[in-house]
Amino acid sequence: TSSSGLIRATLFPGDGIGPEIAESVKQIFTAAEVPIEWEEHFVGTEVDPRTQSFVTWESLESVRRNKVGLKGPMATPIGKGHRSLNLTLRKELNLYANVRPCYSLPGYKTRYDDVNLVTIRENTEGEYSGLEHQVVRGVVESLKIITRQASLRVAEYAFYYAKAHGRQRVSAVHKANIMQMSDGLFLKCCREVAEKYPEIKYEEVVIDNCCMMLVKNPTLFDVLVMPNLYGDIISDLCAGLIGGLGLTPSLNIGEGGIALAEAVHGSAPDIAGKNLANPTALLLSAVSMLHHLEINDKADAIQEAVLKTIAEGKYRTGDLGGSSTTTEFTKAIIDHL
Ligand code: NAD
């Protein structure tokens, strides 16, 4: 907390459209009188030897100190001798769970009207352990790592989230019929945690069946928790159910209660600097961050203003079929606040 009683949060505007949509978030937060003071951090122009990345040590320290932040899209510069920006943040801040709420936006028509689910993806191991090697010519081996520690940690978060958000059910997504040991361990950990939350219904769904059920009737699900690769795929599938990556927020949960919210989309170089970007995904990510901080009244007010603006249809950005600029859309949201 700052001396003025405001909560300090780190803000990475990021690259491409990042600064434009971050500006929109800042203006809307000011208009809504959200008690947040942003500490802005920019991606460096040189590799910081302490992080081996363009993300500086000071930026990482800022998130560690504030424990909360919002991140715009970052485009990792091409070249050798440095780590990807997103990977640096994920590893250094130990961002172990990726949380993506997916709900239908009223007035924005997709195939489904009443999606309201949350995917929680284990973000540190599984198929993304990065341990791959060639055994002999023509044969490679890639290790899927599942640990009790990481599985318990993400399961704990899923049940904590379900309880905190008044959700009824947690479904663990797996393929333990084939990957008996790895996914079997993941399920065992979920079951252990489930026992501590008797008020929340727990079920297990095989991933292939889960995909079929999601596209047939997404209302069958509430909170879904799963290992890394399944989470990567299912969370994008769910984003598609409600209209695509331009609308979907996400929140990364890290060690020691760190929460770093980020839009799911990239830096959109094709429309950068043209005042055309849709700030919705970053705004709804900021709303997730506010819910995490339990500043629920402001979170709800902003979410409602965003949804109203989209539903009204008078001001929409190009990706939603409208012709408004980022600034016009932002102003319309502020008028609704
Ligand atoms: P992208 O998400 O940037 O763009 C895909 C398409 O969606 C483009 O046509 C773009 O104009 C559109 N789009 C994306 N966000 C939009 C928004 N808010 N409003 C309106 N239209 C939007 O994906 P890409 O082109 O594959 O990647 C571009 C760069 O972003 C790459 O350097 C990539 O590495 C980076 N990236 C970063 C992140 C991240 O920081 N989390 C995620 C994905 C990609």
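I began with burial: a residue is buried if 20 or more other C-beta atoms lie within 10 Å of its own, exposed if 12 or fewer, and partly exposed in between, with C-beta atoms placed from the backbone. I noted that this is a predicted model, where local features need pLDDT of at least 70, side-chain atom pairs count only at pLDDT 80 or more, and totals for chains, interfaces and linings use all residues. Residues are numbered from 1 along each chain as its sequence is written.

**Entry: A9**

I found A9 in strand β1 (residues 7-12). Helices (H or I, at least four residues) and strands (E, at least two) are DSSP runs, numbered from the N terminus. Why does A9 count as buried? Because 25 other C-beta atoms lie within 10 Å.

Next I looked up its contacts (C-beta atoms, placed from the backbone, within 7 Å). Skipping neighbours within four places in sequence, A9 is in contact with I36, W38, E39, N66, V68, G69 and L70.

**Entry: strand β12**

V68 turned up again here: its bridge partner in β12 is A259. I read that two strands pair if DSSP finds at least two bridges between them. Strand β3 (residues 68-71) and β12 run parallel, joined by four bridges. With strand β11 (residues 249-254), β12 pairs in the antiparallel sense, over six bridges, and S250 stands opposite E262. β11 and β12 make a hairpin with three residues between them, and G256 in the turn has a positive phi of about 70 degrees. I also checked how covered β12 (residues 258-263) is: five of its six residues are buried.

**Entry: helix α1**

I tested the length of α1 (residues 18-31). The expected span is 1.5 Å times one less than the number of residues. For its 14 residues that should be 20 Å, and the end C-alpha atoms are 20 Å apart, so the two agree. Buried residues in α1 include G18, I21, V25 and F29. Among the elements covering the buried residues of α1 are β1, β3 and α8. Just after α1, E33 takes a positive phi of about 55 degrees.

**Entry: the core**

A nonpolar core is a set of buried Ala, Val, Leu, Ile, Met, Phe, Trp, Tyr and Cys residues joined through C-beta atoms within 7 Å. Which members of the largest one touch the most others? I120, A158 and V225 do, out of 87 residues. Helix α8 (residues 280-292) gives the most to this core, with eight residues. Leaving out residues up to four places away in sequence, V225 touches I120, V154, A155, A158, V170, A172 and C190.

Definitions and conventions. Contact = placed C-beta atoms within 7 Å.
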